[in-house]
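User: Hi, I'm new to this one. Can you walk me through it?
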Amino acid sequence: MNVLKFGGSSLATPERIKLVANTVEKHLEDNSTIAVFSAFGGVTNDLLKMAELAAKEDLSYKDILEANEKRHLDAVRELIPVNDQSAVLSKVKTEFNRLETLYEGVYLLNELSNKTKHVVSGFGEVLSSTIITAYFKSKNVNTEFVDARELIVCRNNNEKVQVNYVETNTNIERYFAEKSEGLFVVPGFVAKNDEGVPSTLGRGGSDFTAAIFAGALSAKKVWIYTDVNGMYTANPGIVPQAYSLEKISYEEAMELSHFGAKVLYPPTLQPLLDKKIKIHIKDTFNPEAPGTLISKSSKENFRWVTGITHIDSVKLLNIEGSGMVGIPGFSKRFFEVLYQENINVVLITQASSEHSICIAVKDDEALAAKQALDEAFEVEIQHKKIKPVHIEENIAIVALVGDQMKSHHGLSGKMFSALGNNNINIRAIAQGSSERNISAIIAKKDVKKALNTLHEQFFEVPSKELNLFITGVGNVGSRLLAQLEKQEKYLLERLRLKVRVLGLSNSRKMVFNENGIDLSNWQEELGEGDPADQKAFLKGVKKMNLRNSIFVDNTASAEISTWYKKYLANSISVVTCNKIACADDYVNYQELQDLSREYGASFLYETNVGAGLPIIDTLKNLVASGDQITKIQAVLSGSLNFVFNTYKGEEPFYKVVEKAMEEGFTEPDPKIDLSGVDVARKILILARESGYQMELGDIKSKDFLSEESLNSANNKEFFELLEKDEPKFKEIYDKAATKNEQLKYVAQLEDGKAEVGLQQVDPKHPFYNLSGSDNIVLFFTERYSEQPLIVKGAGAGADVTASGIFADIIRIGKK
């Protein structure tokens with residue numbers, strides 16, 4: 001005997017029912033078949049909703065009832081030939097008349113009992129099975145309707161179902177002993193209680209119905225057809241990379257279904273285990289796909305972790321106090337109270353000090369559990385030996401499941417490290433001695449991040465997903481996006497990095513896309529975004545709550561730099577070319593470093609000095625290796641180096657500055673570069689990285705611009721003043737040229753003192769031949785005392801700055 005079950009999503013429309021019929025008929029070719037059917041998709045929810053509305057004296061239940069009646073009658077008319085419709089339509093209308101009478105009773109009494117709930121919620125399966133039976137008969141298939149309410153006997157106690165297997169199995173065996181071959185259509189979910197009153201097996205109980213019939217008749221296998229291809233490594237709606245499992249053990253299936261895997265109703269396995277009846281979960285809409293076969297554990301299907309699952313409809317109850325320590329029988333009293341209240345405990349953990357017991361229960365049972373426990377331990381609470389039970393809400397349980405986890409060392413460590421590295425706090429943990437399940441209680445808001453983090457850790461080809469949120473899409477930002485798009489395939493194949501841009505912002509607009517912004521079309525997406533707002537941008541990043549999130553600042557905005565602290569404090573890494581934060585007051589600079597360490601979020605700013613040159617990284621490595629910095633000499637402004645390499649006293653100075661601006665070598669406000677403030681910030685950052693607690697005001701600056709130019713209100717006025725000061729610039733150039741010397745804007749740090757200014761360098765100096773917009777840094781250290789360590793190369797320009805930011809992003813990915 002074949003036993004099949006089809007869920008509500010498989011029966012949502014007449015077209016789907018026809019598809020289901022094809023699958024049933026294929027099974028019939030091999031053997032007689034029992035086909036268990038759920039209600040049409042969404043009907044059970046409607047039946048319960050109507051009951052609740054009627055109990056509230058809300059007549060809108062009648063509209064829902066009318067819509068459902070029409071839906072079922074329409075299905076009859078579409079599935080069954082006209083000549084055969086009359087009897088079926090009459091049966092459907094009779095059932096809806098009975099429903100209407102029940103709802104009218106609820107409405108008049110203004111009361112909804114559990115017994116009435118069970119009765120009305122089972123109508124959906126009876127209706128669907130009645131229609132499907134008639135459909136198969138119209139196709140000349142030898143079909144019989146089997147009313148499960150006459151065969152399955154159960155007891156419902158506060159929504160908890162206990163099947164009377166002795167009576168149920170006897171009923172089923174007796175019924176089928178007299179039956180010949182054919183198709184037997186069974187409504188799932190429904191049963192009767194000891195008093196013979198219609199009842200149900202609990203939501204999802206159609207799986208259970210199929211298992212009960214299979215167990216009673218000793219079938220070899222149960223096929224459960226649903227809308228997905230079996231059981232997955234994780235919920236594919238939350239973890240897009242999840243994939244279906246071809247084979248798992250009964251025990252693994254039990255753990256996964258108990259901890260939230262909705263493909264299989266948890267009690268389904270009970271009638272099948274002893275007889276070792278297999279379960280095959282298949283996709284209704286792709287029946288040729290392998291699905292998942294559930295059977296006895298096999299070493300052939302070896303893997304350390306089988307799946308990751310979660311429950312988010314739980315609350316945490318904690319009882320603690322010195323009155324618990326060393327008191328025999330305390331735990332017995334605690335759990336006995338819960339047993340008497342018929343409250344199921346989902347998870348238990350107790351400190352070895354015996355000072356506290358922590359349990360997780362279903363949301364709707366938490367308050368009753370607290371009240372019962374507080375009452376049972378009233379004396380101890382009054383004498384302050386223990387505290388009243390505390391309920392913690394907005395929590396969830398995530399669990400690793402696998403038969404072979406006990407054979408592999410370090411899985412718990414990997415699990416907790418992965419969660420911790422993504423700032424997911426673990427409130428409690430539990431692991432059975434079988435080591436088949438490792439569970440952790442976390443905040444509900446972290447579920448998506450946790451599941452994706454764990455799936456990446458245990459199931460995916462060693463790779464890492466980086467989620468970028470970028471502000472600033474001008475010269476540097478647009479180049480960065482172009483580089484990211486170009487290198488996407490390389491990063492994934494060579495470095496195992498999947499880099500996605502999920503948020504973009506400029507000064508006017510911002511946009512988020514959880515599936516990733518199309519980098520070939522980002523301008524259009526951003527143009528259709530919301531008004532830019534830094535507070536809202538941070539809120540959007542936090543709301544997504546994704547692992548390996550990185551905030552990238554491509555601006556020179558002081559206002560944006562003030563938000564770094566909030567990103568780091570939420571374990572969101574920061575990559576920036578904006579020098580303002582690191583050149584701010586030392587206390588703020590140090591706070592950013594401390595936050596980075598405290599919350600495990602990287603704070604990288606290599607491009608603050610030398611654009612894409614590895615200047616800061618080199619300095620950090622020198623210091624970390626124990627070397628002592630004695631002196632730093634550097635040309636740190638690519639824009640100033642370009643200006644003074646280009647200016648020969650012939651083309652006006654202001655024209656050369658305009659050209660530098662057009663080439664992207666200067667800040668949007670070129671006065672920042674020419675005033676030396678930018679260089680001062682850079683040497684300040686190098687001084688701090690060398691270990692000096694220095695402020696920007698401590699750096700001496702020798703200005704070559706006039707006071708009037710430095711105080712100009714805008715770029716137009718600034719360039720007019722540069723043109724006016726042309727004789728002065730020519731004089732400076734001529735003075736150096738007569739000595740065959742070059743003009744370089746030099747920064748120097750020595751003995752804890754720093755200065756910046758325009759200098760003349762002779763042909764023997766390493767700075768003399770520095771061309772274009774190049775930067776150069778000379779590190780004099782205890783190890784490099786005679787010949788300095790030199791870092792030299794392009795130090796300005798949008799492309800090299802973008803590549804430096806890109807390199808910082810990759811550094812985070814390779815951590």
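This is a predicted model: local features need pLDDT of at least 70, side-chain atom pairs count only at pLDDT 80 or more; totals for chains, interfaces and linings use all residues.

User: How many helices and strands does the protein have?

Analyst: There are 30 helices and 31 strands. Those are DSSP runs numbered from the N terminus: helices are H or I with at least four residues, strands E with at least two.

User: What does the C-alpha trace span along its principal axes?

Analyst: About 120 × 70 × 55 Å.

User: OK, new topic. Where is lysine 539, and is it buried or exposed?

Analyst: Lysine 539 sits in helix α18. Lysine 539 counts as exposed because its relative accessible area is 64%; exposed means over 50%, buried under 20%, and partly exposed in between (1.4 Å probe, protein chains only).

User: And valine 106, buried or exposed?

Analyst: Valine 106 is buried, at 4% relative accessibility. Its place is helix α4, which covers residues 85–109.

User: What share of the 815 residues is buried?

Analyst: Buried residues make up 54% of them.

User: Last one: how far is valine 106 from phenylalanine 537?

Analyst: Their C-alpha atoms are separated by 50 Å, and the two residues lie 431 residues apart along the chain.

Note on methods
Residues are numbered from 1 along each chain as its sequence is written. Side-chain values use heavy atoms; hydrogens and water are left out.
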